[in-house]
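This report describes selected features of one protein chain, to be read beside its sequence and coordinates.

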Amino acid sequence: MAVDGGLLAVDLLLVAFAGGAVGAALGGYAAYGLAGLVVTVGEIARVTTGAGGSPLVADSADLGAAGVTGLVGYGPVLGPHVAFAGAAAAAAYAGRKGHLDTDFPYHEAKHLAAPLGPRPGALAVGGAFGVLGYWLAGLSLRLGLPWDPVAASVVVSALLHRAVFGYPLLGRLDTDLLDMSPYRDGDRRMAADGDGARSLAGRYVVEPWLPYQSEWATVGLLGLVVGVFAGFLAVATGSYFLAFGIAATGLLFLTAGVERFPVTHHMALPAGIAALAVPGAGPTVAILVGGAFGVLAGLVGELAQRVLYAHADTHLDPPSVAIVVTTLLVALLDLAGVFQQAAVPTVGLA
């Protein structure tokens with residue numbers, strides 16, 4: 001089906017543009033949640049039918065070769081590097097243009113639970129960054145870079161949308177980046193009214209990604225629980241994506257307004273990959289390794305939100321940073337001989 005093959009396949013570029021635009025229309029969390037749902041369904045189908053091979057390696061000459069997981073959930077249709085990254089860029093654009101006016105307590109450009117609907121500008125930006133995300137993930141693959149290409153694409157895309165729309169690349173650097181106490185204390189930035197008077201009615205000084213999930217000990221314990229769960233599912237089914245899909249589906253609850261719902265897909269994915277990469281280990285050891293990687297991913301994600309999200313104006317995804325770091329570690333351990341045949345995920349690209 002591909003017209004030109006690889007990164008210039010016209011059909012895949014059209015799909016990626018549409019995927020990014022759909023992500024903008026639905027909102028980032030809804031798009032990611034739907035991707036998780038598709039991955040869950042695709043992996044259950046793959047496991048129950050006994051299909052072999054990686055579900056994420058596709059032949060660009062046959063779009064069906066990747067299966068549901070690689071083509072839709074983690075590929076150029078709803079893949080996070082396309083739909084979610086497109087939605088994040090569209091939110092940054094809408095925030096810059098003043099198109100969002102909600103009761104969101106942070107900068108509106110971070111409001112990924114809000115669907116932007118059929119705004120032409122937002123759809124165009126989402127589509128353009130969907131194509132960019134497709135290219136970035138494909139570039140990681142073609143260069144053989146040792147990390148999850150989807151997560152890496154999401155991170156780079158966020159930095160680029162900040163640069164394109166005139167936001168600070170890293171946010172405010174004049175405060176203690178690791179200190180979340182100003183949020184708990186209710187400290188706000190100074191804001192000026194129409195007469196030039198300044199008051200404490202502005203944004204919070206610090207905007208933690210998930211305030212209820214921003215304590216080191218809490219995140220570490222959550223990572224352990226999720227890592228054990230993901231390690232078990234990986235060992236039991238042979239799929240390192242099933243737990244990730246289930247966890248990512250939970251983002252739909254964020255869009256539904258469910259309070260204090262934990263976000264854990266970045267803990268589940270590296271835990272599942274690591275559990276399957278331990279050479280000659282029994283189930284108990286593999287599950288414990290999954291738990292360790294779940295803890296590590298949770299802590300890396302928390303560090304990322306404090307440094308790259310809490311003091312900035314747009315959404316730079318902490319889970320994606322955690323997945324990049326932990327999958328890179330898996331690959332390095334593979335090179336060192338500690339792991340064997342480490343399965344760093346790939347997407348539906350030639």
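## A buried glutamine and its surroundings

Gln 213 is located in the loop between β2 (198–199) and α8 (216–237). The model is predicted, and every value below is computed from it. Gln 213 has a relative accessibility of 5%, under the 20% limit, and therefore counts as buried. Apart from neighbours within four places in sequence, Gln 213 is in contact with Val 219, Leu 222, Pro 262, Val 263, His 266, Met 267 and Glu 302.

## Overall composition

The protein contains 13 helices and two strands. Of its 350 residues, 54% are buried.

## Helix α9

How many of the eight residues of helix α9 are buried? Helix α9 spans residues 242–249, and seven of its eight residues are buried, so this helix is largely enclosed by the rest of the structure. The buried residues are Leu 242, Ala 243, Phe 244, Gly 245, Ala 247, Ala 248 and Thr 249. They pack against α2 (28–49), α8, α10 (251–255) and α11.

## Packing of α12 with α11 and α13

Helix α12 takes part in two of the helix contacts described here, and the table sets out their geometry.

| Helix pair | Axis separation | Angle | Handedness |
|---|---|---|---|
| α11 (residues 265–277) and α12 | 7 Å apart | about 145° | right-handed |
| α12 (residues 283–309) and α13 (residues 318–335) | within 7 Å | roughly 135° | right-handed |

In the contact of α11 with α12, α11 contributes His 266, Met 267, Pro 270, Ala 271, Ala 274 and Ala 275, while α12 contributes Ala 286, Val 289, Gly 290, Phe 293, Gly 294, Ala 297, Gly 298 and Gly 301. By class, this contact of α11 with α12 has nine nonpolar, five polar and no charged residues.

On the α12 side the contact is made by Phe 293, Leu 296, Ala 297, Val 300, Gly 301, Ala 304, Gln 305, Leu 308 and Tyr 309, and on the α13 side by Pro 318, Val 321, Ala 322, Val 325, Thr 326, Leu 329, Val 330 and Leu 333. By class, the contact of α12 with α13 has 14 nonpolar, three polar and no charged residues. Phe 293, Ala 297 and Gly 301 of α12 are among the residues listed for both contacts.

## Aromatic pairs

The structure holds 13 aromatic pairs. One of them joins Phe 104 and Tyr 106 in an edge-to-face arrangement, with 5.6 Å centre to centre and 65° between the planes. Tyr 106 has a relative accessibility of 7% and so counts as buried. Tyr 106 also forms an edge-to-face pair with Tyr 183, at 6.3 Å centre to centre and 85° between the planes. This pair links distant parts of the chain, since Tyr 106 lies in the loop between α4 (80–97) and α5 (120–142) and Tyr 183 in helix α7 (residues 181–184), 77 residues apart. Tyr 183, at 23% relative accessibility, counts as partly exposed.

Elsewhere, one aromatic cluster is formed by Tyr 32, Tyr 74, Phe 84, Tyr 240, Phe 241 and Phe 244. Phe 244 is also one of the buried residues of α9.

Key: Residues are numbered from 1 along each chain as its sequence is written. This is a predicted model: local features need pLDDT of at least 70, side-chain atom pairs count only at pLDDT 80 or more; totals for chains, interfaces and linings use all residues. Side-chain values use heavy atoms; hydrogens and water are left out. Axes are lines fitted to C-alpha atoms, for helices over the stretch in contact, and angles run from 0 to 180 degrees between N-to-C directions. Helices (H or I, at least four residues) and strands (E, at least two) are DSSP runs, numbered from the N terminus. A crossing is left-handed if the near helix is turned anticlockwise from the far one by less than a right angle, and right-handed if clockwise. Contact means heavy atoms within 4.5 Å. Ala, Val, Leu, Ile, Met, Phe, Trp, Tyr, Cys and Pro count as nonpolar, Asp, Glu, Lys and Arg as charged, and the others, Gly among them, as polar. Rings of Phe, Tyr and Trp (its six-membered ring) pair if their centres lie within 6.5 Å; planes under 30 degrees apart count as stacked, over 60 as edge-to-face and the rest as tilted. Buried means under 20% relative accessible area, exposed over 50%, partly exposed in between (1.4 Å probe, protein chains only).
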